[in-house]
Amino acid sequence: MQLEENILFANRYRLERFLGRGGFSEVWLADDTLTSLKVALKVYAPGGGMDEHGVQLFSTEFSLVFNLNHGNLLKPTYYDTFERMPYLVLPYCRQGSAASLIGQMGEKEAWLFLRDIASGLEYLHGQEPPVIHQDIKPDNILMDVSGHYLLTDFGISIKARNTLRKSIMKTEGSVGTLAYMGPERFSKYPLPIKASDIFSLGATLYELLTGMVPFGEHGGLLLQHGAEIPVLEGEWSDELKAIIDLCLQKDTWERPSAMEIRIYCEQHLNGEIPVLPGKQVEKKTEPLPEVQPQEPELSDVPVVVQEDGKDESWRYKR
């Protein structure tokens, strides 16, 4: 089944307008004919669908993340399959994605953006086992009517992505996704970890501020070959430059955690001087007052009392 305007998908959702395409999915604005609500319909493996194994894999994985609930995650309201195409029903965000802000985001908005996405990542990374997003980029960050930023498209494992790739005969990842990948994703052990999401977040914010991804279409692969982290040019605060630079560090252990980024942002937004993760505030210590020596009282001085001419015991005269 090819997706196009005005068709009735899954006997319920009338497709009204194409909103976007990812590596393995299409997103449509749809009218829910049962509730008359406008929803965003995200359909995986559109057109050809998946085999039964792939459908089962998707169902299992979505069951693990479907109940995740956080203010900075775009929570699906429904999951099902239709003609072997898994699909999600999501709230429709009229403001669109952060991609519309590329090269236009100001400093104040950057701090709000960084706080919101770090908060959502902190929640995902705190799950047991941790949920690694794996594909943070402007297209996967939406804006709600209150101006908050919401992560979407989370919870899809490498195994599910590989299954999708085979289903749609796609042999390479999208250039856009590679541009946000950390150097460890191109190493001998390329499995994504929490720090991989942090690198992607730093690359995303860099692009929103400057209009360009920091390492071009090759992403962190350039760091593997000796490239330096580009300077964030412009009239940005030193505090903002510093946290983005930390996120883009080549070594994963040098990058801050999502919780550390969220705290750093909250310090700034609360009017405090933000403390970089790993740094400590130098505390001024007052010198101790000088203590004047005092003459001991006689009652405190031990007196030796001899018994039978032998100095064998100490007795204290009090």
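Domain bounds, as used in these legends for a predicted model, come from an automatic or database domain assignment.

**View 1. Cavities found in the predicted model as a whole.** A search of the whole structure identifies 2 cavities of 30 Å³ or more. The largest cavity holds about 100 Å³ of space, while the volume of the second largest cavity is about 70 Å³.

**View 2. Lining of the largest cavity.** The residues around the largest cavity are Lys-42, Tyr-44, Phe-62, Val-65, Phe-66, Leu-74, Pro-76, Leu-88, Leu-90, Thr-152, Asp-153 and Phe-154. Strand E4 (37-44), helix H1 (52-65) and strand E6 (85-91) are the elements that each contribute two or more residues to this lining. Sorted by class, the lining of the largest cavity comprises 9 nonpolar, 1 polar and 2 charged residues.

View 3. Domain 1 (1-92) and domain 2 (93-279) each supply at least three residues to the lining of the largest cavity.

**View 4. Lining of the second largest cavity.** The second largest cavity, with a volume of about 70 Å³, is lined by Gln-134, Asp-135, Ile-136, Thr-177, Tyr-180, Met-181, Gly-182, Arg-185, Ser-196, Asp-197 and Ser-200. Helix H5 (residues 194-210) provides the largest share of this lining, with 3 residues. The class composition of the lining of the second largest cavity is 3 nonpolar, 5 polar and 3 charged residues.

How values were computed:
Residues are numbered from 1 along each chain as its sequence is written. This is a predicted model: local features need pLDDT of at least 70, side-chain atom pairs count only at pLDDT 80 or more; totals for chains, interfaces and linings use all residues. Side-chain values use heavy atoms; hydrogens and water are left out. On a 1 Å grid over the protein atoms alone, a cavity is a set of points where a 1.4 Å probe fits but cannot get out, and a pocket is an open set with protein on both sides within 12 Å along at least five of seven lines; lining residues have an atom within 4 Å of a point. Grid points are joined across faces, edges and corners, and a volume is the space filled by probe spheres set on the points. Helices (H or I, at least four residues) and strands (E, at least two) are DSSP runs, numbered from the N terminus. Ala, Val, Leu, Ile, Met, Phe, Trp, Tyr, Cys and Pro count as nonpolar, Asp, Glu, Lys and Arg as charged, and the others, Gly among them, as polar.
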